[in-house]
Amino acid sequence: MGVVILLVMAVGVAAMLTRKLPTAFALVLLAVVIAFLAGAPLTGKESVLDTVLQEGAPALAATMIAILLGSWLGKLLEETGIAGTLVRKIVEFGGDRPVFVALGVLAVSALVGTVTGSAPAAMLAGLIGIPAMIAVGIPKVTAAGTVLMGIAVGVPFELPVWQFFSTALDLPIDTVRGFMVKLFPFALLAAVAYVLVESRRRGVEHTWSLKTVRARPPRGDRRRRLGDAPWYALLTPAVPLVLALGLDVAIIPSLLGGVLYALVTTTRPREMNRRLLRTLYGGFEVAAPPITLFVAIGILLAAVELPGAVDALQPLVKAVSPQNTVLFILVFTLLVPLCLFRGPLNVFGLGAGIAGVLVATGIYPAVAVLGMTASYNQVFGVSDPTSTQTVWSAQYAGVSPHQVMLRTLPYVWAVAFGGLCVTAFTEL
Amino acid sequence: MNDDHDLDLAVRLLAGTPTHEGRDPALLGQWARTASEFGRRMTLRHETVRVIERHETVRVIERDGGLEAGLFARYRSRPPVVEVYADTVARAERLVAERGWRHWFPEGSVRAAALAHEQAHAWLHHAPVRAEFKRALGHTALRLGRRRLYAYVAGADEIAAHAYAQAACGLGRSPLLLTEALAAAVSFESEN
């Protein structure tokens, strides 16, 4: 039966790769089929309806709330001009040295990446950051990659991601935080290397473009009337991080702290209620796709953790899972491309199910699975040409997502290798 | 009248450049004027430019596919190369003839302007020229007592490059006019 379940998973991956089914729908379908194959009854204890669908759907509720709060904070950063001001200041200070601008946008992207993820994070940093980099002479592919690499620097400190790994792998937040702190230097080193090496290799580029002169901007646009955010408001992205990392405050209150700080430092008291509601509703819109995905992942995790699924998969997965430290690093580093193109190791797809299998079958300790999945997440978040942030950044810069993948993959592959080394030597 | 229209085009270029959202149009106008003035002065008579020119050779290559990519020309610093898009240049020459603008843009001047434009970008990347340009624009990023740190004005180098091309090639109007007209023509042709 284990082989049949793996075959069904392969069909699910094929459906996602060929875009026959949206990832979230494919994961739910997979979960239901796996549950039936594992011999789960329709209702009752360890059943398809009551366990997989009813209990699985809200299993990652804390992550969903964290995602929503992150998106809310992201909307506030956008509406109050905090993100735009950060990029504008960087361009003004370092604009005649393109590499400084790229490093500055990288830093802003990292700050944004600690708050929110996917396309909204790329938009926050990239809407002004990408054209600003191109305007100072950074080649387009390098500019798109800089925003993505920057977001990936922030991901180890993205509080909703901590919450996700904590809930999905049943690990305390402290353990997740401990690993992420070890993963961060690799992400930072690779991102800075990307900017420096690519800037040196490609130099600067300027074009006489037909798009140079634009039509007159519409008057009366609210965002156009906004000025710079005050300097102390620019600290907003660091607030949740300081609360969670420095003061050990729980994730949801830390994010709420960020929301409140952004609000009081940028908004007049009589406008606060309207701005809070407007950005919260905007946050719901931004958070809808990831929340949908987390509902589906919760359902898939509930299915692969059913006793029947664990019994069927354990011997198979155990037979192919390396236990030797060096082999672990080697095999899982070579498997890195499988988290691209919505592949089977994509953490926000079937990879979550595979992680669930590895933990439920006891093949690796949960913390080792955390190390593996968090390392893969660094690759997926930057180079996957089907992930929303990569597609958005590439298209906004005027290049193809595949160009960005080819340029960034060596760097994030190295990050994954570093993360897997840390995992193998400390957690196996 | 023509100068005013060229200036308006330059202001629109700045207004459409990221980091200038919400900027006072009067300030953008002042920057556009200063950048144009700087570009016109940035000929080979310019001392710093003359020094750079002696040490740098920029290869020029002709390419196709410019209309599809929306490009007249591209400058790359590593290695120093200017790519001129022959199809865009040819279409621009036809447009000049169609509009009766030959007195502003003489035969062959579009290619020359493209080369001059990218040459200006190459010069503007050299530290002494950059510093002088920032001082001329006078936008302050930070002030500590009597000391000022001048800010970079995104988009201003593009205006300077166009102004240099206009002066160096003896054009009657800014190449920005040609840019706007060709963009409109290409867009109209692709829609019909």
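Visitor: How many residues of chain B are in contact with chain A?

Guide: Two residues are in contact if their C-beta atoms, placed from the backbone, lie within 7 Å. In this predicted model, 38 residues of chain B are in contact with 34 residues of chain A. Local features here need pLDDT of at least 70 and side-chain atom pairs count only at pLDDT 80 or more, whereas totals for chains, interfaces and linings use all residues. Residues are numbered from 1 along each chain as its sequence is written, with chains lettered from A and ligands numbered from 1 in the order in which they are written.

Visitor: Which strands form the open sheet, and in what order?

Guide: Strands (E, at least two residues) and helices (H or I, at least four) are DSSP runs, numbered from the N terminus. Two strands pair if DSSP finds at least two bridges between them. Here the order is β1(A)-β2(B)-β3(B)-β1(B), with mixed pairing. β1 of chain A and β1 (59–63) of chain B stand at the edges, each with a single partner strand, so one side of each has no neighbour in the sheet.

Visitor: In what sense do β1 of chain A and β2(B) pair?

Guide: Strand β1 (residues 205–209) of chain A pairs with β2(B) in the antiparallel sense over five bridges. Within β2(B), Arg74(B) is the bridge partner of Thr207(A). Arg74(B) also stands opposite Glu83(B) in β3(B).

Visitor: Which residue takes a positive phi in the hairpin of β4(B) and β5(B)?

Guide: Gly145(B) does, near 65 degrees, in a hairpin with two residues between the strands. Leu144(B) has Arg147(B) in β5(B) as its bridge partner.
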